[in-house]
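Biologist: Please take a close look at the packing of side chains and helices in this model, beginning with the aromatic rings.

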Amino acid sequence: MAKQLSTKLSAFLLLGTVIILAVGVIGFGLMPIAPILAVIGLIMVVARLRGVSWATSQRELVKGIESGLTPLFLFLLIGALIALWLATGVIPTMIWAGFKILTPAFFLPTAFVTTSLVGALIGSAFTTLSTVGVSLMGVGTLMGMNPAIVAGIVLSGAIFGDKSSPLSESTNLASAISGTDLFAHIKNLMWTTVPAWGVTFIVSVVLSAGYRADAQATQKIAALLPLLQPTWWALVPLGLLVVTAWYKVPAIPALMLNILVTSVAFLWQHNVPALADLVVNGFKTTSTNPTLMALLNRGGMAAMMSTIMMIMLALGLGGLLSGLGILNAVMQPIVSHLKTQRAIILATLFTGIGANFLVGEQYLATILPGQLFKKSFETVKLSPLALGRTIEDSGTVMNYLVPWGVAGGFAAQTLGVPVLAFAPFTLFALLSPVMSILSAVTGIGLKQADN
């Protein structure tokens with residue numbers, strides 16, 4: 001364990017972290033990469049002045065990055081898969097179907113329900129966004145809708161699906177941290193998850209109601225449809241995605257299988273060098289239609305590198321804050337003074353939200369409040385199910401609203417909309433902690449410990 005820094009110094013470092021990130025990202029509109037690097041430098045220098053060796057700081061930083069190697073590798077695979085699905089007509093087929101089936105007046109609620117169902121079926125918000133989400137973004141923006149609103153609604157559905165699925169890694173983690181049965185945990189989640197979903201659905205209906213695509217958007221769509229060329233082949237990789245989810249194949253091998261199958265289809269009409277260039281550099285349509293080029297020219301592993309750099313730095317920062325004892329030094333005195341059920345739930349929620357903005361990693365932001373408050377929930381006679389729901393309503397969902405977060409960075413890169421733009425419309429994530437607060441205040445749905 002690294003040398004413990006004092007509570008006052010830890011509080012100073014946390015405050016400095018928040019100020020530097022807020023000023024850099026919000027004040028100057030910077031990518032989070034430079035502000036995070038500045039914070040890492042500040043913490044390492046201050047820690048060294050207080051007796052922590054350079055080797056210790058480096059070890060904790062690297063340990064933090066190691067904790068996120070799985071999602072980082074997933075991002076590379078998803079970049080390759082998007083390019084392959086574009087090149088083999090899978091995503092163009094989904095976009096074509098979207099234009100044929102959906103109308104502007106019902107687009108947002110339909111998109112929300114679709115991503116909710118797909119997310120619940122496959123248990124991964126990341127995969128939902130990179131497949132169905134990309135297609136829905138294309139349809140919505142070409143209908144003339146605000147991309148930030150479309151992204152927020154699409155993301156809301158994907159988060160709901162991920163949070164409600166027994167196949168979800170984050171849901172399984174929250175259940176394990178709280179020490180509860182997985183299906184009992186999911187059932188208890190519904191006290192806050194269903195109201196948040198319902199309000200989001202109603203808002204999506206209101207936002208879509210009465211909307212009509214303007215003449216320019218209609219002309220663009222009419223000109224685009226003949227160029228999309230739908231194919232029956234799209235059912236194969238989509239079906240494979242469902243099958244691997246049904247048999248609980250882990251995310252990395254599931255995506256590798258899909259990439260392999262789609263690569264074989266691509267090689268049917270192309271050579272190996274073309275395949276290698278596609279998965280690395282992304283898809284480039286041969287069409288000169290500017291709308292189609294803007295819609296389809298994307299994907300590839302190289303396109304994910306700026307997001308991966310940002311997330312690596314955020315994970316390293318999280319490793320320093322956790323490994324050097326900075327977060328614990330600030331939180332432990334606060335935890336010891338909490339005596340009521342309401343206070344403990346509120347503190348758990350705000351710790352999960354704060355941890356997301358400080359460490360930028362969804363799993364750490366779930367684990368930290370779970371570990372800090374587990375005994376407190378027992379002391380005030382709250383069920384472990386209440387703990388599991390509380391850390392899901394904050395630690396799990398809020399990472400998508402953090403510009404330097406693993407989930408937020410991925411969503412912004414995949415949907416092509418900055419986090420700060422879609423965050424106000426990602427209603428499900430915003431409402432989840434609100435519903436948890438209402439439950440704590442009213443006692444409705446608040447599971448008590450068995451006597």
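Modeller: Rings of Phe, Tyr and Trp (its six-membered ring) pair if their centres lie within 6.5 Å, with planes under 30 degrees apart called stacked, over 60 edge-to-face and the rest tilted. This is a predicted model, in which local features need pLDDT of at least 70 and side-chain atom pairs pLDDT 80 or more, whereas totals for chains, interfaces and linings use all residues. Residues are numbered from 1 along each chain as its sequence is written, and side-chain values use heavy atoms, without hydrogens or water.

There are nine aromatic pairs by the ring rule, and such pairs join Phe112, Phe160, Trp197, Phe201 and Phe428 into a cluster.

Beyond neighbours within four places in sequence, Ile43 is in contact (heavy atoms within 4.5 Å) with residues including Leu13, Thr17 and Leu321.

Elsewhere, Arg389, Thr390 and Asp393 of H20 meet Ser432, Pro433, Ser436 and Ser439 of H23. By class, that contact has one nonpolar, four polar and two charged residues, where Ala, Val, Leu, Ile, Met, Phe, Trp, Tyr, Cys and Pro are nonpolar, Asp, Glu, Lys and Arg charged, and the others, Gly among them, polar. In the loop between helix H19 (362-379) and H20 lies Lys381, whose phi is positive, near 65 degrees, in a residue other than glycine.

Terms used
Helices (H or I, at least four residues) and strands (E, at least two) are DSSP runs, numbered from the N terminus.
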